[in-house]
Amino acid sequence: MSTDASPPLVPGQAAPPTESGDLSRSIASSGAGDRVYTGLTTFFALCIPLLLAFLALEIGRAAWPAFSRFGLGFITSSEWNVPAGRFGAAPAIFGTIVSSVIALVLATPLAIGVAIFLSEFAPPWLQQPVAFLVDLLAAIPSVVYGLWGIFVLIPLLRDPVIPFLRDTLHLGATPFFAGPAYGPSMLAAGVILAIMSLPYISAVSREVLRAVPRSQREAALALGATRWEMIWDAVLPNARSGIIGGVILGLGRALGETMAVTMVIGNRAEISASLLAPGYTMASLIANEFSEATSDLHLSALMAVGGVLFVITIVVNGIARWLVWTVERGAAG
Amino acid sequence: MVSLTYIAAALATLPLIFILVHLVRAGAASINPAFFMQMPKPVGESGGGMANAIVGTLILISIAATVGLPIGIGAGLYLAEHKGKRLANTVRFLSDVLNGLPSIVMGIFAWQFLVRPAGHFSALAGGIALGVMMIPLVTRTTEEMIRIVPNSLREAALALGYQRWRTSLSIILRTALPGIVTGALVAVARVAGETAPLLFTAFGNQFWSAAIQRPIAALPLQIFTYAISPYDAWHSQAWAGALVLIGIVLVISIAARLATRSRFGSAVD
Amino acid sequence: MLNESPVDSLSLQPESVDDAARRATVVPRLLFQPAARATRAAESVATVCLAAQRLSAFFGDIAAVRDVDLSMETCRVTAIIGPSGCGKSTLLRSFNRMHETVSGARVTGSVLLDGIPIYGDGTSAIAVRRHIGMVFQRPTPFPTMSIRDNVAAGLRVREGKMPSRRDTDDIVEDALQRAGLWAEVKDRLRTSAVAISGGQQQRLCIARALATKPRVLLLDEPTASLDPASTQKVEELVYDLRSTMTIVMVTHNMQQAARVSDRTAFMLNGSLIEVAPTNALFTTPQDARTEAYITGRFG
């Protein structure tokens, strides 16, 4: 204990007063470690904004030739002609939106249903396993979904799903299910994306349903509502904007999803009303053409597509976070 | 109406079961020791394995963890200790933005930033792209896990004369460690299956390479290449690769889940 | 402001019948004999170990403690009592510069430790805390460390080099002995510190504070979360420890203050109302507010 600056303490006696010099020296300030620590964590925290700024800058710089060449026409033109050097991203933007909308239409009711099941009706022994299985959907790599899509989903859609939709439900008369069904299609992409965004929507919905205060539920039950009426009248309205936030978060996932879509969408730069026709999404366009892009303009156009996708996902995610955040803040306050 | 929610639950769990069952059926046949030990065979020859891709994926994950964990944990520490500050709120928001960034955008960014100037594809570029994708995930769990640690522990350490940095690292971070390890594992599991950021960075390699400045094979890339090829032999290899990949991912995810569950009750009172 | 009672504990002997009766209502169960206390007080001349001078503590613009002057004598137990929210914990936390760890918190005035201003320029809060140990309301063992490592935790961060393993073991044993916990845990020093009972955890925290040999031990309602049996153990421990160190204890429990302290300070609304030898304060309070509080009219 030679390093001990404190006086020896003898039981039964007052500690002798030490020389002030010792004490004042031993309590002298030395905050070097704290400064290094604070500096380091601040640096790591700053890495995130710096990375994003750098990312925006680099992509913006690389995309600039295409933007300056085509202007707004880059977004509105539907001609994506590599040999002619004319690039319009409209088919990819259209495909991105359509495939994502299909995904949300299919996934949202299912996800909310699961969320209600888990938060309200599921017997305790079923809650954990079902939640786990649904969450696991998010853990499956995109490329595995794509593989499954090529070899299982597309054949399944070709027969029996599409004949059933066309003939039994007579949807073939609408433009959405017109034309030949080759296999890879917007519909296949939409279905894959539905499965992939399901866990995100369901997880957020589950959280916001749980965040609805108990008092709201009890108030409804006390008024003589059935369990289902309670959910419909008291729980869902409270959770609505949070659930919408979850749906939009799922949309953000679907918009940027790359591999699975690339593998099942057919990759053709055309706008077609039929969901059975092949198409492109922004992400699949980049994935498909980037490594084959030889001209600088083509490369720049693909960078520009990436830039547009980046901006769209930021906006969509921003809205989603804001909605979820308002609900959670409401529940807390 | 209640039964509708049961149906929804059944429908939602069906795809997973469907995918897993098919994966096992189609992939199990090609899983044998050779799959893990051998290199891919050229078209026309049956058999062969994905030894290079498995090793490649492990190398890529290691690079990613080296990049992503320090930044993620450091930023998470900062966010937990400076809550309410303007910079912290900005960083938290931007971390969410980074989390929502499409993986293909990360891929072209890494290409533009790392591959284009270097003039060649490399494992390093791929690993860094994956590492950047890990950052927001690690940041978020680190922050959340540190917030769970009772403030009384921080006070107790400070009252013992711990400096702030020592309090943060050897008491707070140490107490939150099981949760942070879980978060790190989940992040690793997620990037292990990523393909899009690797397309134009790690690029893939049909041959043996463990050099980080050269193109490297990766399981997801190999699965992609084989899946879109016209050969049946490659298709079954793709299924086997997918089975191995999902095995890696699921084992990491489940281990992460168990780690959280068993350690939390006792660790933080 | 500061209402030092002129009555010394010695002059209380012999006490009047009236005083005894009054104390019996306020202090139903005196654990330790007043005679013992009087003898002890007589044998050493009190020197001031810790002194607050015009000390105010703020949270933002709100003053939780206002203009407190209080001297705590070496090797005595000073109890600080008062109703909830009176600032007694904040005052205690100003004594080892823990107050400033809350964001927006600051202190004016000064605190002297053996004559050295702990808020002086160039003084490190970290080093101050190494000389002034603290134990909190709830036990705070570090959950990732063993019992032994918990006790040794403070040693690792002291200036100079870490004591050797054997020295550490000796210090740990000594600290646990003094905390009265050695017999209960000596066979499981390597096991988790959160596996022992709450009362044991609290004594472990006291041992952890003792291991670094502080000059002063601050106790912030140390028995508030403990059962009666554990409370008694901690009280006995405090009583024993004061022979070797200066102790300042915040408590909301007047009986506890009466049982274990030599001097008691009463706080109300951030101000120090009265400080006096414990017997005097509880038997002949000089301030009407003190009397109102100790006779249970508010609080």
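**Thr264(C) and its surroundings**

Modeller: The side chains of Thr264(C) and Ser261(C) are joined by a polar contact of 3.0 Å. A polar contact is a pair of N or O atoms within 3.5 Å; within protein, one must be able to donate a hydrogen and the other to accept it, and residues adjacent in sequence count only if both atoms are side-chain atoms. This is a predicted model: local features need pLDDT of at least 70, side-chain atom pairs count only at pLDDT 80 or more, and totals for chains, interfaces and linings use all residues. Side-chain values use heavy atoms, with hydrogens and water left out, residues are numbered from 1 along each chain as its sequence is written, and chains are lettered from A and ligands numbered from 1 in the order in which they are written.

Colleague: Is Thr264(C) buried or exposed?

Modeller: Buried, because its relative accessible area is 0%. Buried means under 20% relative accessible area, exposed over 50%, partly exposed in between (1.4 Å probe, protein chains only).

Colleague: What is Thr264(C) in contact with, leaving aside neighbours within four places in sequence?

Modeller: Among them are Ala79(C), Ile81(C), Ala257(C), Leu281(C) and Phe282(C). Contact means heavy atoms within 4.5 Å.

Colleague: And where does Thr264(C) sit?

Modeller: In strand β9 of chain C, residues 263–268. Helices (H or I, at least four residues) and strands (E, at least two) are DSSP runs, numbered from the N terminus.

Colleague: Staying with chain C strands, how does β1 run against β4?

Modeller: They run antiparallel, joined by eight bridges. β1(C) covers residues 48–59 and β4(C) covers residues 105–113. Two strands pair if DSSP finds at least two bridges between them. Phe59(C) stands opposite Ala105(C) in β4(C).

Colleague: How many bridges join β4(C) to β5?

Modeller: Two, and this pair also runs antiparallel. β5(C) is residues 116–117. Leu113(C) stands opposite Ile116(C) there.

Colleague: Which residue in that hairpin takes a positive phi?

Modeller: Asp114(C), near 50°. The hairpin has two residues between the strands.

Colleague: Switching to chain B. How many helices and strands?

Modeller: Chain B has 10 helices and zero strands. Of its 269 residues, 59% count as buried.

Colleague: What does Ala256(B) touch, not counting residues up to four places away?

Modeller: Thr182(B), Leu185(B) and Val186(B). Ala256(B) and Leu185(B) are 71 residues apart along the chain, yet their C-alpha atoms are separated by 6.1 Å.

Colleague: And chain A, how many helices and strands?

Modeller: Chain A has 12 helices and two strands. Of its 333 residues, 52% count as buried. The accessible surface is about 14,400 Å², and 65% of that belongs to carbon and sulfur atoms.

Colleague: Back to chain C. What share of its surface belongs to carbon and sulfur?

Modeller: 50% of about 11,400 Å². Chain C has 12 helices and 10 strands.

How values were computed. Areas by Shrake-Rupley, 256 points an atom, 1.4 Å probe, with all protein chains shown as cover.
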